[in-house]
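Me: I'm new to this one and would like to learn how to read it. Could you walk me through it, a feature at a time?

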Amino acid sequence: MREFYAYKYSTSHLFFPKIIITILIILGLWIIIPKIIKRIKNKQPLFPKDQRFFVENYDKVKLFGSIILLVLYILALEWIGFVPASLIFIFLFNVLFTGTLERKSLLVSGIITVVSVIATWFVFGVLFNITLP
């Protein structure tokens, strides 16, 4: 009896991301297509000139700080590994989004960082035996 799908361990890690990407594309189309249809029915332009991408007075520090931290985090994953990079950058993200350097806030950010990183490492690295970067 010939098997319908031959399981290859070397490519098994590609299966789940393909499912997620497909679901995200379908959901994205589900959001966009009704809006396009509504604009066409109401004879409105698809891309109005008065519509802005960012709301007025958006927080530029948080936006660009997040982008910079994300890029540096991805680079740091390769250089120093998952646990140290995650400890550093999740803490920095927490500090960026709390917007304060008070002692209590830093302590809470540190506790959140340590607990979340250790829990993630334990669940994926130990329980599921998934190699983390």
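Reply: Happy to, starting with helix axes. Axes are lines fitted to C-alpha atoms, for helices over the stretch in contact, and angles run from 0 to 180 degrees between N-to-C directions. Helices (H or I, at least four residues) and strands (E, at least two) are DSSP runs, numbered from the N terminus. This is a predicted model, where local features need pLDDT of at least 70, side-chain atom pairs count only at pLDDT 80 or more, and totals for chains, interfaces and linings use all residues. Residues are numbered from 1 along each chain as its sequence is written, and side-chain values use heavy atoms, leaving out hydrogens and water.

Me: What is the mean pLDDT of the chain?
Reply: First the idea: pLDDT is the predictor's confidence in each residue, from 0 to 100. Where it is low, the predicted coordinates should not be read in detail. Here the chain averages 88, and 90% of the residues score at least 70. Among the elements of the chain, helix 3 has the highest mean, 96, while helix 1 (residues 15–41) has the lowest, 92.

Me: At what angle do helix 3 and helix 4 cross?
Reply: Roughly 145 degrees, with the axes of helix 3 (residues 82–98) and helix 4 (residues 103–127) coming within 9 Å. As for handedness, a crossing is left-handed if the near helix is turned anticlockwise from the far one by less than a right angle, and right-handed if clockwise. Helix 3 passes helix 4 in a right-handed crossing.

Me: Which residues make that contact?
Reply: Contact means heavy atoms within 4.5 Å. On the helix 3 side the residues include Phe82, Leu87, Ile90 and Val95, and on the helix 4 side they include Ser105, Leu106, Gly110 and Trp121. To sort them by type, Ala, Val, Leu, Ile, Met, Phe, Trp, Tyr, Cys and Pro count as nonpolar, Asp, Glu, Lys and Arg as charged, and the others, Gly among them, as polar. The contact between helix 3 and helix 4 then has 11 nonpolar residues, 9 polar and no charged.

Me: Is serine 105 buried or exposed?
Reply: Buried means under 20% relative accessible area, exposed over 50%, and partly exposed in between (1.4 Å probe, protein chains only). Serine 105, which is in helix 4, is buried because its relative accessible area is 14%. Leaving aside residues up to four places away in sequence, serine 105 touches Thr98 and Thr100. Serine 105 and leucine 87 are 18 residues apart in sequence, and their C-alpha atoms are 16 Å apart in space.

Me: What about leucine 101, is it buried or exposed?
Reply: Leucine 101 sits in the loop between helix 3 and helix 4. Its relative accessible area is 64%, so leucine 101 is exposed. Leucine 101 still touches Val95 and Leu106, again not counting residues up to four places away in sequence.

Me: Which backbone oxygen lies 2.6 Å from a polar atom of the side chain of serine 66?
Reply: That of lysine 62. A polar contact is a pair of N or O atoms within 3.5 Å; within protein, one must be able to donate a hydrogen and the other to accept it, and residues adjacent in sequence count only if both atoms are side-chain atoms. Serine 66 belongs to helix 2 (residues 60–80) and counts as buried because its relative accessibility is 16%. Beyond residues up to four places away in sequence, serine 66 touches Val61, Phe93, Leu96 and Phe97.
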